[in-house]
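Thanks for asking me to look this one over with you.

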Amino acid sequence: MWPFLYPESKWDFQLEQVRSINVSGHKYGLVYPGIGWLTFREEADLAEKLVFYENYLGKTESTFTLNFSTGSAMVLAQYYNFVRLGRQGYTYVMKLMQENAHALADNLRSSGRFEVIGSNVEQLPLVAFRLSGKHSYDESDVAWQLAAERGWMVPAYTLPPDAERVKIMRALVKETLSREQIDRLGQDIADACRTLDDKGATHRIERDQVKRGTGY
């Protein structure tokens with residue numbers, strides 16, 4: 001995201017502290033399942049235990065690629081995207097996602113119910129937010145009600161150690177979300193809150209219905 005949205009800023013190996021970069025695009029789209037990249041600044045940064053040595057055609061070769069038994073269709077499709085969209089195309093898509101994220105953030109702010117965390121300046125296309133003021137329910141209740149009523153999966157979770165008491169929600173804005181859908185999401189969040197205003201926090205039995213574990 002960053003090199004397309006903020007090409008003037010230093011973000012990669014231009015920064016001395018960056019020793020490796022790994023990329024997985026499953027959060028925002030434009031990357032097919034199973035496709036990822038891992039690059040190191042220099043050979044010394046590559047852990048020896050990650051290197052595999054193979055005797056191939058009479059000589060020993062080293063590789064640190066992560067190999068799995070899968071077809072090459074995703075690699076070919078990804079290459080097609082690179083060729084078809086190019087840097088200009090990817091920049092257009094990234095900016096569109098960012099604009100939609102800004103629209104969602106503005107929607108949440110204007111509702112008066114939520115505090116949006118962070119600013120719209122140099123931000124990825126995601127919206128982190130939490131309830132403002134006192135309520136009989138919390139962010140987990142909003143997430144549950146939103147999923148139960150409208151099928152939106154907007155996770156709620158507590159922050160890392162020393163901030164465990166802070167709970168937030170997070171919406172990743174993908175390229176497949178149109179402005180109409182963004183507006184609908186904002187409306188559905190407001191509707192979920194109104195339902196919770198009337199009935200209060202979700203009951204323990206309702207919480208127990210939420211599926212957890214691998215795949216959810």
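**Notes for a first look**

1. Let's start inside a sheet: β6, covering residues 126-131, pairs with β8, covering residues 167-172, in the antiparallel sense over four bridges. If you want a landmark there, pick Ala128, whose bridge partner in β8 is Arg170. Please keep in mind throughout that this is a predicted model.

2. Stepping back, β6 and β8 belong to an open sheet of four strands, ordered β5-β6-β8-β7, with antiparallel pairing. The edges are taken by β5 (114-117) and β7 (156-158); each has a single partner strand, so one side of each is left without a neighbour in the sheet. On average, neighbouring strands here are turned by 35° against each other, with direction ignored.

3. Follow the chain from β7 towards β8 and you will pass Asp162, which is in the loop between these two strands. Its backbone deserves a glance: Asp162 is not a glycine, yet it has a positive phi of about 80°. Most residues other than glycine have a negative phi. Is Asp162 buried or exposed? With a relative accessible area of 79%, Asp162 is exposed, because the cut-off for that word is over 50%.

4. Another antiparallel pair is made by β3 (residues 52-56) and β4 (residues 59-63), joined by five bridges. Within this pair, Glu54 has Glu61 of β4 as its bridge partner. The two strands form a hairpin with two residues between them, and Leu57 in this hairpin takes a positive phi near 55°.

5. Leu46 counts as buried because its relative accessible area is 15%, and the limit is under 20%. Which residues does Leu46 touch, leaving out those up to four places away in sequence? They are Phe40, Val51 and Phe64. Leu46 and Ser20 make a further pair to find on screen: they are 26 residues apart in sequence, and their C-alpha atoms are 8.6 Å apart in space.

6. Now for the helices. The axes of α2 (residues 73-111) and α4 (residues 179-199) come within 10 Å and cross at roughly 25°. That makes α2 roughly parallel to α4, because angles under 35 degrees count as such. The crossing of this pair is right-handed. On the α2 side, the residues that meet α4 are Glu99, Asn100, Ala103, Leu104, Asn107 and Leu108. On the α4 side they are Arg179, Ile182, Asp183, Leu185, Gly186 and Ile189. By type, the residues of this contact divide into six nonpolar, three polar and three charged.

7. Helix α4 also meets α3 (residues 139-150): their axes come within 9 Å and cross at roughly 110°. That makes α3 roughly perpendicular to α4, because the range for this description is 65 to 115 degrees. Here too, the crossing is right-handed. From α3, the residues in contact include Trp144, Gln145, Leu146 and Glu149. From α4, they include Leu185, Ile189, Ala192, Cys193 and Leu196. The residues of this contact divide into eight nonpolar, two polar and six charged.

Note on methods: Residues numbered from 1 in each chain as written. Predicted model: local features only at pLDDT ≥ 70, side-chain atom pairs only at ≥ 80, totals over all residues. Heavy atoms only, no water. Pairing = 2+ DSSP bridges. Axes fitted to C-alpha atoms, helices over the stretch in contact; angles between N-to-C directions. Parallel < 35°, antiparallel > 145°, perpendicular 65-115°, else oblique. Left-handed = near helix turned anticlockwise from the far one by under 90°. Contact = heavy atoms within 4.5 Å. Nonpolar A, V, L, I, M, F, W, Y, C, P; charged D, E, K, R; others polar. Buried < 20%, exposed > 50% of the residue type's maximum accessible area, 1.4 Å probe, protein only.
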